Amino acid sequence: MDYKLRIRDLREDHDKTQQNIADILGTSQTMYARYERGASELPVRHLIRLSKYYNVSMEYIVGLTDNKTPVF
């Protein structure tokens, strides 16, 4: 599984809109939608922020593991 599906699933599991998450990241809803579609690469700073926000590991978001437990 790649990060596009993971960030969408995490957002939906937390009952958040793309606009909600864009606000958390300090970006536009349009740009966040591009991350979910894979039209733009997710910047590392956003990966870190999403990992902390959802309390999951960055490895989980990028699909390197199915273990959600963060290491920080």
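Tutor: Start with a term: a residue counts as buried when its relative accessible area is under 20%, and as exposed when that value is over 50%. Keep in mind that this is a predicted model.

Student: OK, take His46. Is His46 buried or exposed?

Tutor: Its relative accessibility is 4%, so His46 counts as buried.

Student: Which helix does His46 lie in?

Tutor: His46 is part of helix H4.

Student: And what is His46 in contact with, leaving aside its neighbours within four places in sequence?

Tutor: With those neighbours left out, His46 is in contact with Leu25, Thr27 and Tyr35.

Student: Which residues in H4 are buried?

Tutor: H4 covers residues 44–54, and its buried residues are His46, Leu47, Leu50, Ser51 and Tyr54. They span an arc of only 140 degrees around the axis, so they are on the same side of H4.

Student: What does the face turned away from the buried side of H4 carry?

Tutor: That face has the exposed residues Val44, Arg45 and Lys52.

Student: Back to the buried ones. Which helices do the buried residues of H4 pack against?

Tutor: They pack against H1 (3–13), H2 (18–25), H3 (29–37) and H5 (58–61).

Student: Now H1 and H3. How do you describe a pair like that?

Tutor: Two packed helices are described by the angle and the distance between their axes. For H1 and H3, the axes come within 7 Å and cross at roughly 125 degrees. That angle makes H1 oblique to H3.

Student: Which residues make the contact?

Tutor: From H1 the contact uses Tyr3, Lys4, Ile7, Arg8 and Arg11, and from H3 it uses Tyr32, Tyr35, Glu36 and Arg37. Sorted by class, the contact of H1 with H3 has 4 nonpolar residues, 5 charged ones and no polar ones.

Student: Where is Asp15 placed, and is Asp15 buried or exposed?

Tutor: Asp15 is in the loop between H1 and H2. Its relative accessible area is 71%, so Asp15 is exposed.

Student: What follows H4?

Tutor: Asn55 comes after H4, in the loop between H4 and H5. Asn55 is not a glycine either, and its phi is positive at about 60 degrees.

Terms used. Residues numbered from 1 in each chain as written. Predicted model: local features only at pLDDT ≥ 70, side-chain atom pairs only at ≥ 80, totals over all residues. Heavy atoms only, no water. Buried < 20%, exposed > 50% of the residue type's maximum accessible area, 1.4 Å probe, protein only. Helix = DSSP H or I, 4+ residues; strand = E, 2+ residues; numbered from the N terminus. Arc of directions from axis to C-beta. Contact = heavy atoms within 4.5 Å. Axes fitted to C-alpha atoms, helices over the stretch in contact; angles between N-to-C directions. Parallel < 35°, antiparallel > 145°, perpendicular 65-115°, else oblique. Nonpolar A, V, L, I, M, F, W, Y, C, P; charged D, E, K, R; others polar.
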